[in-house]
Each structure stands twice: as C-alpha cells, then as structure tokens.
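Biologist: I have a model open and would like to go through it with you. Can we start with one buried spot and work outwards?

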Amino acid sequence: MSLRLAYSAVSGRGCVKISVVCLLRPLLLDVIPSVRQTVALALGRLADHDVEMAEAVVKAGILPQLICLLPEENRYYKKTAAFVLRAIAKHSPQLAQAVVQCGALEMLVVCLEDFDPGVKEGASWTFGYIARHNAVHLRLVCLDTWSSPPCELSQAVVDAGAVPLLVLCIQEPEIALKRIAASTLSDISKHSPELAQTVVDAGAIAHLAQMITNPDAKLKRQVLSALSQIAKHSVDLAELVVEAEIFPVVLTCLKDSDEYVKKNGATLIREIAKHTPELSQFIVNSGGVAALIDCIGSCRGTVRLPGIMTLGYVAAHSENLSMAVIVSKGISPLSACLIEEHEDHIKAAAAWALGQIGRHTAEHARHVATANVLPTLLDIFVDTRSSEDLKMKTKKALKNILQKCTYLPALEPLLHDAPPNIMKHVIGQFSKVLPHDSKARRLFVTTGGLKKVQEIKAEPGSLLQEYINTINNCYPEEIVRYYSPGYSEILLERVENYQPVL
Amino acid sequence: MAALARLQEKLQRLQEEYFLTYRAIDEERKTKYKAAVRIQRWFRACRVRAYLRHLSKMAILIQKWWRGYLRRKYFREIVERAYFIKKLEFYNEMAVRIQKMWRGYYVRKYIHNFSALKRYLEAVSLNNEFVRSELQEYAEMKENEEKMKDLEKKEEEEKYQARKMHYLLSTAQIPGIYNSPLRKSPDPMELLLRKSKPLTHRKQKMGSSLADELYCWPTCEKPPAFVTTLPLLPAPRQKPQGPFRDPGEVLRQRYKPLEPTLRVRESMNSPPAKAREATGREEWRSPIHDNKFLPFSSYHKNAEKYEPSICNSGKYGREAYGTKYFREVNPKKWIADKKVKLAVCAHQPQKQSYAKQLCPELYG
C-alpha cells in the first residue's frame, strides 16, 4: 500500500499538499530498503517539480532523516538521496542554505568517495547546484527561520573537502561524470579568486586541459567554461592556465561544430588576453587571433560576443598588437558585425573593439577608415533606436579614431552629415592636415568640402571656430569668399548697383 | 836812449794800439766767445741729441726685442689654444657623427625597430595562414568523420533491415519482390538479401517497470565497454593518498553485471514472497530462541561468530597470554641449555682485543 502511494506521488500529479510529505515521512525509516528508496525518489520528484513543495519538504524536517544513515545505505539510495538534495537546492539560495545547514555536505562528500559513478555524479551535481548560488542573495532576502550567520555557499562546499574528490571524479572514464564534475568546478571557481586558487591547488588545471581534446561537445563546453572561470580572476591564475599548454589545442575548439563550444573557447581566450600585454602577445604568436577572426566570421548572434571582446582587449594593450590584429584581417568581420547584428550589446562591443584598434597611431586609424567603418559608426550614433550604452560606445570609438585619422578621403563623407560634437573632431583633423599638403587642399575644394565648412555655424572663440579659421587661412581670400554662403546674393547686389561705363 | 824815446812815443801809439788791439781783441773775444759758446752749444746739443737719439734707439731696440719676445710667447699660447680649439671642434663633430649614427642604429634596432616589426607582422600573418589552414583541415576531417559515421549508420540500418526481411529472398521457383524477371540483373537489395544471415528472435526482456526505473538510472543505461587500460594522465602534483587497488580490478568489480538478490528482484505479491510472509508470521507466533529482536540480524550473525586465533588457543581453551598477562612469566621458557656452535668463533676474541686496545676505557 505504501509503495503504491509512493508510486503515485512519484508520477508527480495529484495532491501537492504538505500532507503527502507528512505521509511519506514515516516511510523513510522503513525496514525494507526498496521502500526507503521509493520514498526518497518520490520526495525528489515532488521537490523537483515546484518551489513550494521543496520548501514544504524542508519545513517538514525530512532532510536530517534522509541523510542520517547515508554512509551505510546502498548505492541506489545514495543516488536518490543526492537527487532529493539537488532538487531542493536548485530553486533558491535559502533552500540551498537549508540543505547545507542540515549537514548534507559531509554526507555528499561520503557519496563522492563511493565507487559507483552514478552516486558520484549525483553528489557532484548537488554540489554544483549549491555552489551556483552565493551569499549576496542571502543578505537581501532573509527568512526568519534561518537564524545562523550567512556563509558563502561555495566556501562551505570547499570547506567540506569536496574539491579534491571532484578532481578525482574528473579523471573517471564516464563522460557524464566528467561533465558534471567539470561544471561543478566551474561553478565553484567563478565566485572569487580564493576559491579559484583552491581549485587550482587541487591540481584541476592539468586534467581539465587534458580533456579539451575529448570529442564530446557538452564536456568540452563545461571544461572550457571551468578554465575560463579560473583564469578570469588574476594574472597568476591566467598564467597557470596558459602553462598547462592549452594553446594551440584550444584553437581547434573554435572550429567545433557546436556553437557553445566555440563561445566558451572564445571566452577562455578573452579571460586570458585581458590581463597583460604579454599574455595577449602569446595569444597572437600562437595564431589565436586568426582562429578567433574566422570564428567570428562563421557565427551569428551572441556566440560572437566573447570573440569580439577578445579582439578589443588584444588591440587595446599596445599598438604592435593592434597592428597584428589589423594584419590578420580583423577589421572586416568587426564591421560586418556592426552592420548585420541586431542586438545592441554586440554592436556596442564591436564599436568598442574598432575604437581600440584605431586609436593608437595614424596608420591604424587609416586602416580602420579605409574599411569604410566611420560612416557606419556615425549612422549608429545618430540612429534614434540605439540604446544609451551603444551611443556612448560609438561616440567614444569615433572620437578615438578621428583624433588620429589623417586619411582625408575617409573623412569627407563624415563632413556632410555629422552632429556638431563629431564635426568638431573632423574639422580639427582637416585643420591639421590641410596647411601642409597642397594636393589635399585642391581635393578639399573640388569635393565641396570647403563649401560645407563655410556653411557651418560656430560660436566665435570656440575650438570649432579656430579650426575653421585655420582652414580658411590655407586658402586665398577670394576662394573663401566665393564659397561662403550668400555670395551669389552679394554678387547680384553688386550687379544691381553697378553703373555701366559707356 | 833813443830807443827809449822811440819806445815812449810808440808807447802812446802802443797804448793806443794796445788799447785798440785789446779792444778789438776784446770785442773779438766776446764775439769769439759767443761764437765759441754757440758752437759749443750747438755741438753739445748735437752731442746730446745724438746721445738721446742713441738712447732712444736703444730703448726702441730693447722694447722691440722685448715686445717681440712677449708677443712670440703669447703667440705660441694663442696658436696652442687655437689648435686645441680646432682639435676640439673636430673631435666634437666626429663625436656628433658617431653619436648620430649610434643613436639612429640603437633606436632603429631596439626602440622602434620598424624592420623587426614588419618581419614580426609578416611572421604573424604567415602563422595565421598556417593556423587557418590547419584548422580548416581539422574541420574538414571532423566533417568527414561525421559523414562516415552517418554512412556507416545507414549501412548498418540497411543490413539490419535486410536481415529482418530475409524471407523476401527469391527462391529457385518463385522470384522475390526485388528480383523481377523483366530485369537484366538482380536489384542491389536482392544481392544484399542473399549475402545476409537471417535474424533470430530476440529474447524478451522480463522485469517490472518500477525495478527498471530504479536500476536504469539515466546516466548508466548500460555499463560502458570494459576498459583494460586507462588513458595515461600526466603525473598529478599531489598524488592522492592511500593504498589504492589496481584500477582494472576496481573497474571489474564496479561493472560486474547486476545480480540482485531474489528478494529485491521480485515483487511483493509474487507467490514466493507471500509464502515467506506466511512462514514469518508463524515464526513470530512460536519463536525457537529467546534472543531480543535485533534488526539486521543476518549482519550481526556474521559479526558475532567468534573464531579464536590459533596462537591464543591452547589445549584446554584460550591461553591467558595476550589477554590476562602480557609479559613472559618464565623468560627462559624458550631458551635451551645446549650450547650454540658458532661457525666463526675464532675471530671474535681477536676483534674484541683489538677494540680493547684502541679504546681501553670503553672496553675496560
């Protein structure tokens, strides 16, 4: 009878009431092991289904009973118990805190030491769910029942001694266990540098680096994500990850058929590249930039974002690296990205990256300008549908590139339809170049630039007016007068007032 | 006396002559004197002038020589200085040239090494090309692998289908579906049918669904292939502690096929379970022994069976040594009276005496 009830609860439909939990509770201490297992499975299914049910399970105080005799139970029970804990802990940090408080972590560590891979997988999955939350949420929303001081959940997982066991789990031959252990390590190390250091001290990096060559796509996703969470905190950790000889193997991940493997691979390279110029140099030397550029060209959507940011970081460090990015044909995918993508944050990232590439010297700015990027940037900046962040980033990028750009044919189109704050920089550049180059002056006149400059109204004494004066001084007065607005009226007036000499 | 008279006359005249002559001489004398003075004056003046001239000439000579000497000396200094300055200027110019060349070289080589930068960028683009081609090859290889896998899968499917539909093969009398008499050569399906072995009936799986749910956990549907050698990992920095069993052994144990006990395998309502229930109830009614009810009695049965160790058990039960007392009561129990024959006894006293000789205080 009890089994039947449990079986109906297992299917999850019907009464979602606390009475069910109270009914199941005494069955947990039943003599027959299969009853215990079924009850645990039922509880797990209930808690998995709904947050309220999970809270009901916790409030009924079942958890200590569930795990009190765990080390002596068989592996099926251990698996089911881990499933229950996991189902509870995944909903919210408070529930995870409750799971931790009833002493589940030590039991889960015992499960991790078991020989059965299924048990290990269940235990490490539970650790992963617990470590995913963090203490910040606890401080914001505190239920009255949890009166103990808030502790870092990931820190609690580490203190229970789970990390070395997780590293051992990674070395097991089962793919699913490796996946779960890798994702748990990734969740643990993402919160703070100390936790990442703990994971590194357990010797995780060597094994993770080995698994990059594994053919399973989901495993690669988790492994790359774990390595990138480790590398993102500090230079030393990033250097440790690089020393594990992941390059150039990581570049093959960028050519994988799975989109998320590419994305995580690009994220890993980004976390390494952003710390110091030496690391970026290393990435360039191993051909990472070329692989990234191909990856950006072949993907669409959010998957591109880490690759774009990597290019931006690499180019931002020094002008040699920026030139290396240009030489590897990096500008065309970025400008294609600007045009094609619909999401604002990807466009903003592309604009930022282009700004970093072009801001170093005139040579760089010329390369960026010849790729016909500046009008696109201007369009995005002027467009009313762009978000604030996107506009700010485009404006900064434009400003950085324009301040170094001396390639006048690219600046011409900007003259005609730029807003005043951009116009100031454009005119400034013209005023720097025109006094020294006669051919440029001629071109400037013939393309109608001088005419446009005369039509600009600027306050006297402002920087814009000074630039305009500098430009006007490069030309003889008649030409300036000829192109100033209203000159035809002045001429016609002179015609009217002229007395013909017979 | 005549002469006297004459002389007297003459005297007058003589006086007059004398006077006149003396006057004339006197006057002459004055003029001569004046002339002489004049002459002397003039001559003296000449002399003095000559002397002065001489003096001035000498002075000029001395001054000339002295000034010449001074100037010559000074000139040497000037020449030295000018030469020195010229040398300095020359050296400066040469130093400037050297510095110019050196600075240009140094800056071009170490600080703004344009040619190295160019070479580096070329190398980077070459490397990029190489990496790109390699990655392209890798991607193509992966694609080929996938295609091969798909093809193989399809082939497997076709073969399986052929095996299943073996009965469609054409016989000598009746041509099968795939072997129409109007065709020149048989259909490839027909050929496949000829090649394939007929499929036997598969044994039906037995077992309740609940047991299946518990045992076929989503991750381990069936155990993976038996692993004989583990892949070689790099030596970890910290070896896990403890004596571990041979991994092959462990895996063999782990992946032993499941043989659940009869009790777990069968359902509650099957006849043997019900029968067991009945006997259990009977036993409750009439217990044979009066032990307190202990849960997991079978576990305790194994634990309670005490096997005495051989070294503790004596002829009439357990020996007291090891439990009642630990020290030997008669330590000479195991020592025999016989003398032990040593093979190398001759050397022993000699050694001892030598040692005694060396440090008598120790062995004294």
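Modeller: Start with A:Thr394, which is buried at a relative accessible area of 1%. Keep in mind that this is a predicted model.

Biologist: Which helix is A:Thr394 in?

Modeller: A:Thr394 sits in helix H28 of chain A, residues 388-404.

Biologist: And what does the side chain of A:Thr394 reach?

Modeller: The backbone oxygen of A:Leu390, at 2.3 Å. Leaving out residues up to four places away in sequence, A:Thr394 touches A:Ala351, A:Leu377, A:Ile380 and A:Phe381.

Biologist: How many helices and strands does chain A have?

Modeller: Chain A has 35 helices and zero strands. It has 502 residues, and 54% of them count as buried. Its accessible surface is about 21900 Å², with 54% of that belonging to carbon and sulfur atoms.

Biologist: What about contacts in chain A, what share joins residues at least 24 apart?

Modeller: 71%, among contacts between residues at least 6 apart in sequence.

Biologist: Give me a pair like that. What about A:Val235 and A:Thr276, how are they placed?

Modeller: They are 41 residues apart along the chain, and their C-alpha atoms are separated by 7.4 Å. A:Val235 belongs to helix H17 of chain A, residues 235-243, and counts as partly exposed at 29% relative accessibility. Beyond residues up to four places away in sequence, A:Val235 touches A:His275, A:Thr276 and A:Leu279.

Biologist: Switching to charges. How many salt bridges are there over all chains?

Modeller: The structure holds 23. One of the salt bridges is between A:Lys78 and A:Asp114, with the closest N and O atoms 2.8 Å apart. A:Lys78 is in helix H6 (residues 75-89) of chain A and A:Asp114 is in the loop between helix H8 (104-112) and helix H9 (117-132), so the pair ties together parts that are 36 residues apart in sequence.

Biologist: Are those two buried or exposed?

Modeller: A:Lys78 is buried, with a relative accessible area of 6%. A:Asp114 also counts as buried, at 18% relative accessibility, because the cut-off for buried is under 20%.

Biologist: And A:Asp187, what does it form a salt bridge with?

Modeller: With A:Arg132, where the closest N and O atoms are 3.2 Å apart. That pair links distant parts of the chain, 55 residues apart, with A:Asp187 in helix H13 (residues 175-189) and A:Arg132 in helix H9 of chain A. A:Asp187 is buried at a relative accessible area of 8%, whereas A:Arg132 is partly exposed at 39%.

Biologist: Which salt bridge joins two chains?

Modeller: B:Arg132 and A:Asp294 meet in one, at 3.1 Å from N to O. B:Arg132 lies in helix H2 (residues 114-164) of chain B and A:Asp294 in helix H21 (residues 288-298) of chain A, so this pair joins two chains. B:Arg132 counts as buried at 14% relative accessibility, and A:Asp294 as partly exposed at 24%.

Biologist: Which residues are linked in a network of salt bridges?

Modeller: A:Lys120, A:Glu172, A:Glu174 and B:Arg254.

Biologist: On to chain B. How many helices and strands there?

Modeller: Chain B has 10 helices and two strands. Along the sequence the pattern reads α-α-α-α-α-α-α-α-β-β-α-α.

Biologist: How much of chain B counts as buried?

Modeller: 9% of its 364 residues. Its accessible surface comes to about 35200 Å², and 59% of that belongs to carbon and sulfur atoms. Of the contacts in chain B between residues at least 6 apart in sequence, 38% join residues at least 24 apart.

Biologist: Where does UniProt place the coiled-coil region?

Modeller: The unreviewed UniProt entry puts "coiled-coil region" at residues 128-161 of chain B. In the model, residues 128-161 of chain B are 100% helix and 0% strand, and the end C-alpha atoms are 49 Å apart.

Biologist: Last one. Which residues form the nonpolar patch on the surface?

Modeller: B:Trp102, B:Tyr105, B:Tyr106, B:Val107, B:Tyr110 and B:Ile111, together with about 620 Å² of accessible area. Among them, B:Tyr106 is in helix H1 of chain B, residues 2-111. B:Tyr106 counts as partly exposed, at 34% relative accessibility.

Methods:
Residues numbered from 1 in each chain as written. Chains lettered and ligands numbered in written order. Predicted model: local features only at pLDDT ≥ 70, side-chain atom pairs only at ≥ 80, totals over all residues. Heavy atoms only, no water. UniProt positions renumbered as here; feature names shortened; annotations may be inferred. Helix = DSSP H or I, 4+ residues; strand = E, 2+ residues; numbered from the N terminus. Patch = residues over 30% accessible without salt bridge, like charges linked within 9 Å, V, L, I, M, F, W, Y side chains within 5 Å. Areas by Shrake-Rupley, 256 points an atom, 1.4 Å probe, with all protein chains shown as cover. Salt bridge = Lys/Arg side-chain N within 4 Å of Asp/Glu carboxyl O. Buried < 20%, exposed > 50% of the residue type's maximum accessible area, 1.4 Å probe, protein only. Polar contact = N/O pair within 3.5 Å; in protein donor to acceptor, adjacent residues only side chain to side chain. Contact = heavy atoms within 4.5 Å.
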